[in-house]
Amino acid sequence: MLGAPFRGSEAIAHGLLTRDQLYGPRFKRVFAGVFAPVDLALDLAARSRAAYLMVGGRGGVLVGYSAAELLGADCAPRDALAEVAVPVRIHAKTGLRIVHSAIDPADTVERDGCRVTTPLRTAWDLARRVELVEAVIAVDALARVGGFAPAELLARRAALPGSRGSRRLDQVVALADPGAASPMETRLRVGLLGAGLPAPKVQYEVRDGRDNPVARVDLAYPGARLAVEYVADEPNVPRQREGELADLGWQVVRVHREDVLRGMRRTADRVRAGLARTS
């Protein structure tokens with residue numbers, strides 16, 4: 001119990017700690033009444049569980065990026081706050097986003113002992129609130145783990161007309177692709193589309209002349225035999241797979257983090273040039 005976030009009052013009631021030990025150097029306060037070991041890294045998952053310990057007994061539910069994190073959807077920005085919805089008024093807490101609202105039980109599931117919004121409901125909430133690219137990233141990740149089609153967001157909008165922020169869902173759904181394997185892959189794909197390039201295939205399997213699988217590439221323009229690969233590791237790693245693709249007449253455009261975050265125009269130009277070489 002004491003190796004993860006815990007309620008201080010429960011630890012004392014069960015005889016695990018004295019009050020002096022709880023407020024001593026071994027533990028740190030995360031939220032009101034909730035503590036954690038001082039050396040525990042408070043990532044989004046840990047902060048979300050801590051937030052649930054504070055509000056779960058008052059009908060609280062983890063929502064937004066907290067729900068996504070516990071659902072296994074990799075979409076939260078590095079600086080994302082823990083997020084809860086509570087049907088009663090509570091005071092603002094540092095590091096916590098609070099929505100004063102009751103969540104329909106049909107829109108919740110249990111994960112790791114916490115009530116969280118379902119993948120579809122979480123996508124609905126985030127897609128209407130966050131910036132466009134982040135919305136597409138969230139929908140891609142949540143649709144992948146939740147097994148729903150992004151277009152289901154439009155059906156939900158039809159059932160809930162006038163919902164705040166729902167006008168932009170057409171654009172989010174049009175850009176979404178649950179086949180995306182990572183947030184950076186989604187960000188790269190949306191950047192290429194924003195630069196006026198055609199939509200690439202996502203997680204495309206390249207096969208040889210005997211229909212044997214050779215490689216799965218992040219993004220592909222099969223007609224042009226052009227692959228666009230997001231590379232998260234160092235640039236000097238072996239490129240054996242690229243040689244195999246080259247033997248089949250494929251070009252590969254390697255893209256790194258900075259190419260997406262700060263050099264998207266140049267990256268789009270590289271892809272455009274690759275497409276032009278086959279036209």
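This is a short talk on the fold of one predicted protein chain.

Some ground rules before the structure. The model is predicted, so local features are taken only at pLDDT of at least 70 and side-chain atom pairs only at pLDDT 80 or more, while totals for chains, interfaces and linings use all residues. Residues are numbered from 1 along each chain as its sequence is written, and side-chain values use heavy atoms, with hydrogens and water left out.

Let me start with the whole chain. There are twelve helices and twelve strands. Both are DSSP runs numbered from the N terminus: helices are H or I with at least four residues, strands are E with at least two. Along the principal axes, the C-alpha atoms fill a box of roughly 70 × 45 × 35 Å. Of the 279 residues, 46% are buried. Buried here is under 20% relative accessible area, exposed is over 50%, and partly exposed is in between, with a 1.4 Å probe and protein chains only. The accessible surface of the chain is about 14200 Å², and carbon and sulfur atoms hold 50% of that. These areas come from the Shrake-Rupley method with a 1.4 Å probe; for residues, only the protein chains shown count as cover.

On contacts, meaning heavy atoms within 4.5 Å: taking those between residues at least 6 apart in sequence, 54% join residues at least 24 apart.

On charge, the chain carries 40 positive and 33 negative side chains, and the centres of the two sets are 6 Å apart. Lys and Arg count as positive, Asp and Glu as negative; His and the chain ends are not counted. Each charge is placed at NZ of Lys, CZ of Arg, CG of Asp or CD of Glu.

Three strands make an open sheet in the order S1-S3-S2, with antiparallel pairing. S1 (6-7) and S2 (27-31) are the edge strands with a single partner each, so one side of each has no neighbour in the sheet. Helix H3, residues 44-55, packs on this sheet and touches S1, S2 and S3, with its direction at about 70° to that of S2. For such angles, axes are lines fitted to C-alpha atoms, for helices over the stretch in contact, and values run from 0 to 180 degrees between N-to-C directions. Pairing requires at least two DSSP bridges between two strands. S1 and S3 (residues 34-37) have two bridges, in the antiparallel sense; Arg 7 has Val 34 of S3 as its bridge partner.

Now the hairpin. S7 (residues 108-111) and S8 (residues 114-117) run antiparallel, joined by four bridges. Glu 110 has Arg 115 as its bridge partner in S8. Two residues separate the strands of this hairpin, and Asp 112 in the turn has a positive phi of about 50°.

S9 and S10 run antiparallel, with six bridges between them; Glu 205 has Arg 216 of S10 as its bridge partner.

Two residues here are worth a look in the backbone. Gln 203, in S9 (residues 201-207), has a positive phi of about 50° although it is not a glycine. Arg 225 is in the loop between S10 (213-221) and S11 (226-230), and its phi is near 50°, again positive in a residue other than glycine. Arg 225 is partly exposed, with a relative accessible area of 42%.

Last, the loop between H9 and S9, where Gly 196 is found. Gly 196 is exposed, at 64% relative accessible area. From Gly 196 to Val 260 is 64 residues in sequence and 15 Å in space, C-alpha to C-alpha.
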